[in-house]
Amino acid sequence: MWFCTADGKINRPLYEETPLDWVTHETFATKDHVYFNILGWQDRLRKQISGIARINIRTNDVELMGQVEMDQDRAAKEGGLNGRGFWHCNASRDGKWSVGDTFAGNIWLINNETGRKHRPVTDTKMSPDHAHPYFSADGKRILFQSGHLSDGKRLQLMMVHILDYFY
């Protein structure tokens, strides 16, 4: 994962993957942090940490925000999946929340201060694409796409207000 300023004066590796890392779906969330996912769904990828991580672009400090085991993620167990399940991630601009979708089509919200996880959305029917959760500018809603209402034939944009559940 590389970092480059708009004027091109800084162009450097931001996070250097090891042979056991599979880094994907990077996203700027705050002025200081890039969030990304280190996949953990294959046996070989479970030899070190995985999950939603963030890196401080000024200090290079890396923090693991959280991960969910697939056997804890409803529907994943029914589908015979095992391992660790975050796929895409995002974070609120204030840095308080992380959000990720899983291989089972669920969306998990993580309180970055406590590490506590909540599952406000299940069964998004990630077909023909994935949920790709994203926070509203004020950090009070999560926007995502879902094929749930059409049984995966087409996607709808949906939103959940996290104020109702977690503030």
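View 1. C89 stands opposite G100 in β8. Strand β7 and strand β8 (residues 97-102) run antiparallel and are joined by five bridges. Strands are DSSP runs of E with at least two residues, helices are runs of H or I with at least four, and both are numbered from the N terminus. Two strands pair if DSSP finds at least two bridges between them. This is a predicted model, in which local features need pLDDT of at least 70 and side-chain atom pairs count only at pLDDT 80 or more, while totals for chains, interfaces and linings use all residues. Residues are numbered from 1 along each chain as its sequence is written, and side-chain values use heavy atoms, with hydrogens and water left out.

**View 2. The open sheet β7-β8-β9-β10.** Four strands make up this open sheet, and their pairing is antiparallel. At its edges are β7 (86-91) and β10 (117-121), each of which pairs on one side only. From one strand to the next, the twist averages 30°. For this angle, axes are lines fitted to C-alpha atoms (for helices, over the stretch in contact), and values run from 0 to 180 degrees between N-to-C directions.

**View 3. The open sheet β3-β4-β5-β6.** Four strands in this order form an open sheet with antiparallel pairing. Because β3 (23-28) and β6 (62-66) stand at the edges with a single partner strand each, one side of each is left without a neighbour in the sheet. The twist here averages 25° from one strand to the next.

**View 4. I55 and V62 between β5 and β6.** V62 in β6 is the bridge partner of I55. Four bridges connect strand β5 (residues 51-56) with β6, and the two run antiparallel.

View 5. M159 lies in strand β13 (residues 156-161). M159 counts as partly exposed because its relative accessibility is 47%, between buried (under 20%) and exposed (over 50%).

How values were computed: Buried < 20%, exposed > 50% of the residue type's maximum accessible area, 1.4 Å probe, protein only.
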